[in-house]
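This report covers one protein chain and selected details of its fold. Please keep the sequence and structure at hand while reading.

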Amino acid sequence: MGSTIMQAVLYQSYGGGSAALKHVEVPIPTPIKDEVLIKVEAVSLNPIDWKIQKGLIRPFVPRKLPHIPGTDVAGEVIEVGPGVKSLKAGDKVVTILSHATGGGLAEYAVAKEALTVYRPPEVTAADSAALPVAAMTAHQALTQVARIKLDGSGPQANILVTAASGGVGHYAVQLAKLGNTHVTATCGARNIEFVKSLGADEVIDYKTPEGAALKSPSGKKYDAVVHCATGIPWSVFEPNLSANGKVIDITPNPTTMLTFVFRKLTFSKKQLVPLLMSAKSEKLSYLVNLIKERKLKTVIDSRYPLSKAEDAWAKSMDGHATGKIIVVP
């Protein structure tokens with residue numbers, strides 16, 4: 001690694017969307033204790049990236065400005081910091097960086113050993129870079145909240161996935177079908193066949209009256225909803241839920257939190273559960289292995305070079321990506 005300078009994309013203040021992203025040259029970071037330096041081969045964008053830019057979690061995240069966004073990174077370990085035992089230079093890996101510090105939209109990034117996992121040769125950089133936030137969110141919603149056993153051993157459950165053609169949604173449909181589930185999904189008309197191809201048992205256009213009411217064509221009540229869309233009030237979900245049905249909201253807002261608290265305080269059997277994804281290396285390894293075994297697939301909406309990162313950012317903000325958006329340095 002001859003140079004000590006790398007290309008990166010950052011923003012210097014809150015707001016401004018894709019137009020506020022700047023292409024800069026900055027020093028290649030140095031891994032400290034329990035960190036590795038990764039040569040980035042692919043990074044995927046998530047809606048939380050531009051929501052943070054808008055100031056959603058200010059003043060806590062990002063930790064400081066200017067900020068290099070991007071957390072979901074696949075690449076090759078170039079250097080290991082003191083104390084690193086499980087990884088070595090030359091290893092192909094996938095990792096999740098902290099939203100507070102970011103660093104993904106660059107040629108190199110430092111990552112914590114504890115959240116970096118080996119990527120087998122059968123799994124491409126793009127396919128694995130798409131996994132961390134989106135697939136781990138879907139996995140956590142289904143296994144920890146909905147209690148679906150992904151080996152198919154659990155009782156039959158009826159699952160609804162909203163916005164099923166998006167980043168989290170397209171993984172949620174596939175993962176749910178590994179369990180003993182009947183999956184209903186919502187999406188736009190143009191993506192109905194695509195979502196069926198992921199394994200959904202029934203798919204409804206969210207713009208039709210039935211879709212807007214979230215009614216299952218087969219009349220099933222949902223034991224759990226992996227809610228990846230926005231703007232649907234609790235009153236629409238409630239009549240479609242089974243007696244102990246749960247709505248798992250992956251983008252909780254203040255209204256979500258109030259409904260969650262109210263239903264807890266009133267001992268309601270039907271619950272609204274706000275989900276905040278917690279990253280774990282064993283979860284990420286499990287998902288990488290599902291890709292390797294072809295039990296899970298990443299669908300890539302579009303790929304952009306780092307030099308066109310602002311176009312990828314704008315595409316993500318537009319909100320109509322089918323699957324994941326990938327940036328390649």
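## Model and annotated domain

The structure is a predicted model. An unreviewed UniProt entry carries the annotation "domain: Enoyl reductase (ER)" for residues 16–327. Over residues 16–327 the chain is 28% helix and 27% strand, and the end C-alpha atoms lie 20 Å apart.

## Helix H3 and its packing on H9

Helix H3 comprises residues 132–145, and helix H9 comprises residues 281–292. Their axes are 10 Å apart and the packing angle is about 100 degrees. Because angles of 65 to 115 degrees count as roughly perpendicular, H3 is roughly perpendicular to H9. On the H3 side the contact involves Pro132, Ala135, Met136, His139, Gln140 and Gln144; on the H9 side it involves Lys283, Leu284, Tyr286 and Leu287. By class, these are six nonpolar, three polar and one charged residues.

The length of H3 fits its residue count: at 1.5 Å a residue, its 14 residues should span 20 Å, and the end C-alpha atoms are 18 Å apart, which agrees. Most of H3 is covered, with 13 of its 14 residues buried.

Histidine 139 belongs to H3. Its relative accessible area is 10%, so it is buried, the cut-off being under 20%. Leaving aside neighbours within four places in sequence, histidine 139 contacts Gln144, Leu150, Leu175, Lys283, Tyr286 and Leu287.

Glycine 167 is in helix H4, residues 167–178. Not counting residues up to four places away in sequence, glycine 167 touches Ala134, Gly323 and Lys324. Between glycine 167 and valine 80 there are 31 Å in space, C-alpha to C-alpha, and the two are 87 residues apart in sequence.

## Backbone details

Arginine 147 has a phi of about 60 degrees and sits just after H3, in the loop between H3 and strand E8 (157–162). With 63% relative accessibility, arginine 147 counts as exposed. Leucine 214 also has a positive phi of about 60 degrees, in the loop between helix H6 (209–213) and strand E11 (222–227). Leucine 214 counts as buried, at 2% relative accessibility.

One joins arginine 58 and proline 59, with omega about 5 degrees. Another joins leucine 65 and proline 66, with omega about -5 degrees; proline 66 is also in the loop between H1 and E4.

Conventions
Residues numbered from 1 in each chain as written. Predicted model: local features only at pLDDT ≥ 70, side-chain atom pairs only at ≥ 80, totals over all residues. Heavy atoms only, no water. Axes fitted to C-alpha atoms, helices over the stretch in contact; angles between N-to-C directions. Helix = DSSP H or I, 4+ residues; strand = E, 2+ residues; numbered from the N terminus. Parallel < 35°, antiparallel > 145°, perpendicular 65-115°, else oblique. Contact = heavy atoms within 4.5 Å. Nonpolar A, V, L, I, M, F, W, Y, C, P; charged D, E, K, R; others polar. Expected span 1.5 Å × (residues − 1). Buried < 20%, exposed > 50% of the residue type's maximum accessible area, 1.4 Å probe, protein only. UniProt positions renumbered as here; feature names shortened; annotations may be inferred.
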